[in-house]
Amino acid sequence: MITAEAHARPNTRIKRIFAQLKEQGRKALISFITAGDPSPAFTVVGLHALVAGGADLLELGIPFSDPEAEGPTIQAANERALAGGITLKQVLNMVAEFRQQDDQTPIILMGYLNSVLAMQDFATKASYAGVDGLIMVNLPPEEGNELQAQLAACSMDLIYLIAPTTTEVRAAEIISKASGFIYYVSLKGITGAGNVRTDEVGIRTNALRATTEIPLCVGFGIRDAQTAAALSEQSDGVVVGSVLVEKMAAGSDPAVVSQSLQDTIADIRQGLDQQS
Amino acid sequence: MSEAFESNNYAQPTEDGHFGEFGGRFVAETLTHALDDFAALYNQMKHDPEFKRELHHDLTHYVGRPTPLYLAERMTAELGGAAIYLKREDLNHTGAHKICNTIGQALLAKRMGKPRVIAETGAGQHGVATATVAARLGLECDVYMGEEDVRRQSLNVYRMKLMGARVIPVTSGSKTLKDALNEAMRDWVTNVDNTHYIIGTVAGPHPYPMVVRDFASIIGQEARAQMLEQEGRLPSVVVACVGGGSNAMGIFHPFINDLEVDLVGVEAGGLGIDTGAHAAPLNNGKVGVLHGNRSYLMSDDDGQIMETHSISAGLDYPGVGPEHSYLKDIGRATYSSATDDEAMHAFRILNQREGILPALETSHALAWVVANAPKMSKEDIILVNLSGRGDKDILTVADIDGITLI
């Protein structure tokens, strides 16, 4: 019943962008950066730069003290952001500020459940700020019904993950509860790890896509245009994170870092579009 | 007390690992399959005569069980109230109750055909217990330990290395136990095909809180039988220290249906609960999700996990096993705290009156005894889980006394 409700009120920005891309025969490019990294001044300008460089959807990390699924790059981003004292309320303010100039690009917050549990009426506040979806790294569907219903009531999608170790039976259950899109984790490991086996991933994602209309995007370990293009062949899009976060770590001036984000994402965009 | 209790039929957790609103499984999707496999194997093995025989054999001949139940006469006389019985878990091989769990889980790892085990450790006791069984069973072993703890617990670090384990210092976050747990989870998610993660306490995602509790429950099973044999009755109260809470769950669990027996857990009060520098989430925390389960937790208004303080590295953890949260909320157990100073005071009493060197973790349970035994009747009996020995803490204690040993 809760699932039906989730499907009843899908997020319109996410739905629209995937419909558009499908019509154009293009693949979704999803970027990830951590909010407030390396300091709050970098975030909103960085998001706009990513859109300018060709990102279709924006993932924005909610900094957390114990990011247990992240590799060293994104762990360090969390630590830099938290050192600046960032809060979830500030993250929502950043989204609202971004929305003043961009009312189209979907924004998906990504993080850990304890951050969201700590904010009263999170769904209402996030929706009001202009958030479209949520990825909770440590919230499998078995535990997610309550949050998914709260989000759906505010037209936000709870995006579930499927991993290489997820069984067929379980994948079907996850797909039946999915909203927004499905995030396929391309490798057994943490964010930013290397050695994605694009052929293996392709076989699995292809099989999964045959069972659902919901878009399926691939993430974890995608560092360059070539890998992105290869993985996009058998999926609806790719997520790029650690390679962008490394740019955040490098720079000291928001304008310079933003240009670097834009160039990096544009390069991957080009690779994807040549493939399509 | 809840109605479920009046019928003496405690049966937790549910099939999917919930203790009321607590527990559950909050992990990255990649781990779900391994947790399902582990739970299925455990549910099968716990009824398997051959597995039970193997476990019992090792607990008897390798670990040295049953451990004694000892009446601390001079301590009882000094405090002048209830009789104090100590369940001597310090006499286990490797010096703490932790090995009862690591033996059980390592045997399960072997059955799963996994040649490698990993563990997190704070004080080093669980790391040592894991390295020990890995050496015994011929498993590869990596132990994650916060850089800060590697420095504080150099004796245990060397001990693990002597047994062939690799000790990996963790430099992220606060560089203590919680960060070691994060790093072990990251290792496991990467190497899940050939690796079993031996979690050392009754926390983590389902089925760990149940599995670790069950393996530790030998403590309470023995103590209950020994008490009936020696005194002909059950104790008035069972006391144990609580960090993650494995020794406490181990001794509490076989007494849960004995409603006349009070269960008391003692958390690390650090410099005092009101200072904020403590590790007592059941006394002063809020419900949240960390390391795979929902439980009481020390987190701030924004959900960030707070840094904790305790004189004892083994209690220096911001969370607590979900079953303790459940027992607290239904009123079956109560949870108090003891400060660093109170634990040190009790530590000295046990050394001087009984010739027993307790771990600093255990000294928190003893501090409750020091404060409460005098107020109780001489007819009352306190059963304390003397969960570990204090050899590992000698440098810390000497440092407090202003003495440099090395």
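Two strands pair if DSSP finds at least two bridges between them. Helices (H or I, at least four residues) and strands (E, at least two) are DSSP runs, numbered from the N terminus. Everything below is a predicted model, in which local features need pLDDT of at least 70, side-chain atom pairs count only at pLDDT 80 or more, and totals for chains, interfaces and linings use all residues. Residues are numbered from 1 along each chain as its sequence is written, while chains are lettered from A and ligands numbered from 1 in the order in which they are written.

**View 1. Strand β9 of chain A and its parallel partners.** Here you can see β8 (residues 216-219) of chain A pairing with β9(A) in the parallel sense over 2 bridges. Look for Cys217(A), whose bridge partner in β9(A) is Gly237(A). Strand β1 (residues 28-34) of chain A also pairs with β9(A) in the parallel sense, over 4 bridges. In that pairing, Ser31(A) has Val240(A) of β9(A) as its bridge partner.

**View 2. Both faces of β9(A) are covered.** In a regular strand the side chains alternate between the two faces of the sheet. In strand β9 (residues 237-240) of chain A, Gly237(A) and Val239(A) lie on one side, Val238(A) and Val240(A) on the other, and all are buried (20 or more other C-beta atoms within 10 Å of a residue's own, with C-beta atoms placed from the backbone).

**View 3. A right-handed β-α-β unit in chain A.** Follow the chain through β8(A), helix α11 (residues 225-232) and β9(A), which make up this unit. Right-handed means that, with the strands pointing away from the viewer, the path from the first strand over the helix to the second runs clockwise.

**View 4. The two domains of chain B.** An automatic or database domain assignment supplies the bounds: domain 1 is 19-59 + 99-212 and domain 2 is 64-95 + 217-400. Their centres, taken over C-alpha atoms, are 22 Å apart. In contact (C-beta atoms, placed from the backbone, within 7 Å) are 38 residues of domain 1 and 33 residues of domain 2 of chain B. On the domain 1 side, β2(B) gives the most, with 5 residues.

**View 5. Where chain B meets chain A.** This contact takes 29 residues from chain B and 31 residues from chain A. On the chain B side, β2 (22-26), α2 (29-45), α9 (177-191) and β11 (286-290) each give two or more residues, and α9(B) gives the most, with 6 residues.

Key: Contact = placed C-beta atoms within 7 Å. Buried ≥ 20, exposed ≤ 12 C-beta atoms within 10 Å, placed from the backbone.
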